[in-house]
Amino acid sequence: MWQTVYRALWTMAPAAAKYYLNRRAKTDAAYAAHWDERFGRPLPGARTGVLWIHAVSVGETRAAQPLAAELRRRFPDAPLLVTQMTPTGRATAQALFPDAQCRYLPYDKPEYAAQFLREHRPLAGILMETEIWPNLMHACRSNGIPLFLANARLSEKSLRGYQKICGLVAPALAGLSGCFAQSTDDARRLAQLGARRIEVFGNTKYDVEPTAQQQQAAALFRSLTGTRPTVVCGSTRHHQGGDEAEKLLHAWQNYRGNALLVIVPRHPERFGAAYETARRLGFRVQKRSSGTPVAADTQVWIGDSMGELAAYYAAADVAFVGGSLVDSGCQNIIEPIAAGVPTLFGPSTYNFAAACAAALNAGAAIQVADAAGWRTQTERLLRDAAARQDMAGRAAGWIRQHQGASSRTAEAVAAHLAAIRQAV
């Protein structure tokens, strides 16, 4: 019944999707571009016989980077196709995979899915993290295209939501050729939802290494910010519970040192709001987009640029990971920790529950209850170079301990495809 209803809804859903894109385009013009790719029209110059990776947005695209490298070692002659759902994800993919074909994944109308698969004829498809598109997954199965869920994670909150439509989701997950979970808890929840052929491989984000471009950007940031201590608050969110940037800026009003506070909102539409909030609270503030060195009396620098978060973290003395002071489940804590930066995060961690718990246990990160606690802990670390060095050492060991998920995933995909070839 659920599958029938879902297919029927897609007769009307494209109109709703166009309305949504038009609304988003009012604050972010990038949403108005490349519409044809989303609505099942043929892509000019579509590559065929591809290894296809679907990564919704920025985080999933970065997580796919080391996996793509491992797949290329095993399939050097196969073209790479990377699909996304957001403009920021698309821009990140184009920067990280300049030799790949990057495009939006069509919406999940059966006709769109069929057109996409006819165009590209994938050798295999890999969905990153928690991507469940029932019509597309059914089309892959019907056409004999191996499809895998990699770096798979599922929070308790998401599990409860999906269980309401289990009749739709369970058959889609059961038809996967493989499900590679980040943790045993993720594997257990995915099994409850209907996934089979589950293996626990870990998180590919531990395998991510900075690109040459990111290293150059980090050096540029250091030259712009000078020798002052730098505190980077990355991927701040506006969500249930308020605006993180505003919470952090309010707390920072009680800071009396000379450290520079860098606020990097998660979404471009929040860049202007963060800047205006800082000004309203009386801070001397500059924008990254100005391209000018940070003045000695500037207190807040707004990171209004995309694709440079790794560079901001690499230039930091202390980092805070957003999405954790509001009910967003936390953004990627692994990125600043891997850069050797003492890292803090707030109470909301369900998207990175396993990583957050492990980082705390290893002494590689600190959890705070609120913005006031963040300021107190940040000030302590800024005063204590030995504590920062100790955390950096613990972080390096923790990262090494958790690496290897990309290689394990690529090897499993290669083994599955080899078995298919031998059976033919």
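**Figure 1. An open sheet of seven parallel strands, running from E3 to E7.** In this predicted model, seven strands with parallel pairing make up an open sheet, and their order across the sheet is E3-E2-E1-E4-E5-E6-E7. Strand E3 (101-104) and strand E7 stand at the edges, and because each has a single partner strand, one side of each is left without a neighbour in the sheet. Direction ignored, neighbouring strands of this sheet are turned against each other by 20° on average. Within the sheet, strand E1 (residues 51-54) and strand E4 (residues 124-128) run parallel and are joined by four bridges; in one of these pairings, Leu-51 has Ala-124 in E4 as its bridge partner.

**Figure 2. Helix H6, packed on the sheet that holds E1, E2 and E3.** Helix H6 (residues 110-120) packs on this sheet, where it touches E1, strand E2 (80-84) and E3, and the direction of the helix makes about 170° with that of E3. How many of the 11 residues of H6 are buried? Eight of them are, so the helix is largely enclosed by the rest of the structure. The buried residues of H6 are Pro-110, Tyr-112, Ala-113, Gln-115, Phe-116, Leu-117, Glu-119 and His-120. Just after H6 comes Arg-121, which takes a positive phi of about 40°.

**Figure 3. An open sheet of seven parallel strands, running from E12 to E16.** Here seven strands, again with parallel pairing, form an open sheet in the order E12-E13-E11-E8-E14-E15-E16. Strand E12 (285-287) and strand E16 (365-367) are the edge strands, each of which pairs on one side only. From one strand to the next, the twist averages 20°. Strand E14 (residues 318-321) and strand E15 (residues 343-345) run parallel and are joined by three bridges, and Phe-320 has Leu-344 in E15 as its bridge partner. Helix H16 (residues 353-362) packs on the sheet and touches E15 and E16, its direction making about 110° with that of E16.

**Figure 4. The second largest pocket, lined in part by H10 and H16.** The volume of the second largest pocket is about 370 Å³. Of the 23 residues that line this pocket, those closest to its centre are Ser-183, Asp-186, Ala-353, Ala-354 and Ala-355. At least two residues of the lining are supplied by H10, and at least two by H16. Sorted by class, the lining of the second largest pocket holds nine nonpolar, eight polar and six charged residues.

Figure 5. Most residues other than glycine have a negative phi. Ser-235, in contrast, counts as buried because its relative accessibility is 4%, which is under 20%.

Conventions
Residues numbered from 1 in each chain as written. Predicted model: local features only at pLDDT ≥ 70, side-chain atom pairs only at ≥ 80, totals over all residues. Heavy atoms only, no water. Buried < 20%, exposed > 50% of the residue type's maximum accessible area, 1.4 Å probe, protein only. Pairing = 2+ DSSP bridges. Axes fitted to C-alpha atoms, helices over the stretch in contact; angles between N-to-C directions. Contact = heavy atoms within 4.5 Å. 1 Å grid on protein atoms, 1.4 Å probe; cavity = no way out; pocket = protein on both sides within 12 Å on 5 of 7 lines; lining within 4 Å. Points joined across faces, edges and corners; volume = space filled by probe spheres on them. Nonpolar A, V, L, I, M, F, W, Y, C, P; charged D, E, K, R; others polar.
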